[in-house]
Amino acid sequence: MAVGVRVVSYNIHSGIGTDRRHDVKRIADVISDCHADIIGLQEVDVGRKRTGFSDQAHEIGERLGMTVHFHPALEVDDERYGDAILTKAPSRLVKAGPLPGLRHKPRLEPRGAIWVEVATGSGQLQVINTHFGLDRRERLAQVEALLGTGWLGSPRCVDPVLLIGDFNALPRSLAYRRLAESLADARLTLGPRRGQATFPSRFPLLRLDHAFSRGPINIRAVEVVRTPLARIASDHLPLVVDLDLVDAPPTPRTATPLVGEVIG
């Protein structure tokens, strides 16, 4: 029996809209209208002066009635900024940690990823949410890290797996193509489609936000939310993926010693 799951990936731009107004409630309203089971957020502020010291991750979670898992890619004193996974389903944090930057560019914004195991009616779904850097070489290093033994190559990363986020990578980029060698782009499983750009939100031209799957997952629909509220609440549009988890025995990964994990 297949179990339907709706997943949203959304770069919320710290709740700062295209009108330059900070309003997390608008972000929560956009997400609420999606009726999602699992949500991956990027660019989330927690305790930052620029957004009124609010805990955006938990404020959105409380408004939606969801459990929140948050990972700060950037920490300066008490200010944090990073990625989150929210869900109403039983879940546990498997791993949260940094992704590599470039040694010769130490001032690049730190990047990270968060991995949560979510219980569904058809077993466990591994969900990894991330936000890649702006430099091409940086993104390639981050791809290799995610494909390595600490993340997707881990023996604990048992199919089915969903990788979502803002990859800052167009489909023709090397980083995207490297991921697509090992994972299935949810959008492409449905055949050629138009209207999938997610950035900038007012006049979307670029497809930077993606969802990749591995294992017994049937993609039913992939849509970009283009409502008037979504166009103003953030500089990105939410990516919505409807999928079915197909009953299948888990696919074990080759047992490899893990190095440098940050376990929650």
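Guide: Contact here means heavy atoms within 4.5 Å. Keep that in mind as we look at this predicted model.

Visitor: Which residues of H1 and H2 meet?

Guide: On the H1 side they are Val-24, Lys-25, Ile-27, Ala-28, Ile-31 and Ser-32, and on the H2 side Gln-56, Glu-59, Ile-60, Arg-63 and Leu-64. Sorted by kind, the residues of this contact are six nonpolar, two polar and three charged.

Visitor: What makes Ser-54 count as buried or exposed?

Guide: Buried means under 20% relative accessible area. Ser-54 has 14%, so Ser-54 is buried. You will find Ser-54 in the loop between strand E2 (38-46) and H2. Beyond its neighbours within four places in sequence, Ser-54 is in contact with residues including His-22, Asp-45 and Glu-59.

Visitor: How do you know whether Thr-130 is buried or exposed?

Guide: The cut-off for buried is again under 20%. Thr-130, at 0% relative accessibility, therefore counts as buried. Look for Thr-130 in strand E7 (residues 123-131).

Visitor: What makes the pair of Thr-130 and Gly-112 a polar contact?

Guide: A polar contact needs a pair of N or O atoms within 3.5 Å. A polar atom of the Thr-130 side chain lies 2.9 Å from the backbone oxygen of Gly-112, which means the distance meets that cut-off.

Note on methods: Residues numbered from 1 in each chain as written. Predicted model: local features only at pLDDT ≥ 70, side-chain atom pairs only at ≥ 80, totals over all residues. Heavy atoms only, no water. Helix = DSSP H or I, 4+ residues; strand = E, 2+ residues; numbered from the N terminus. Nonpolar A, V, L, I, M, F, W, Y, C, P; charged D, E, K, R; others polar. Buried < 20%, exposed > 50% of the residue type's maximum accessible area, 1.4 Å probe, protein only. Polar contact = N/O pair within 3.5 Å; in protein donor to acceptor, adjacent residues only side chain to side chain.
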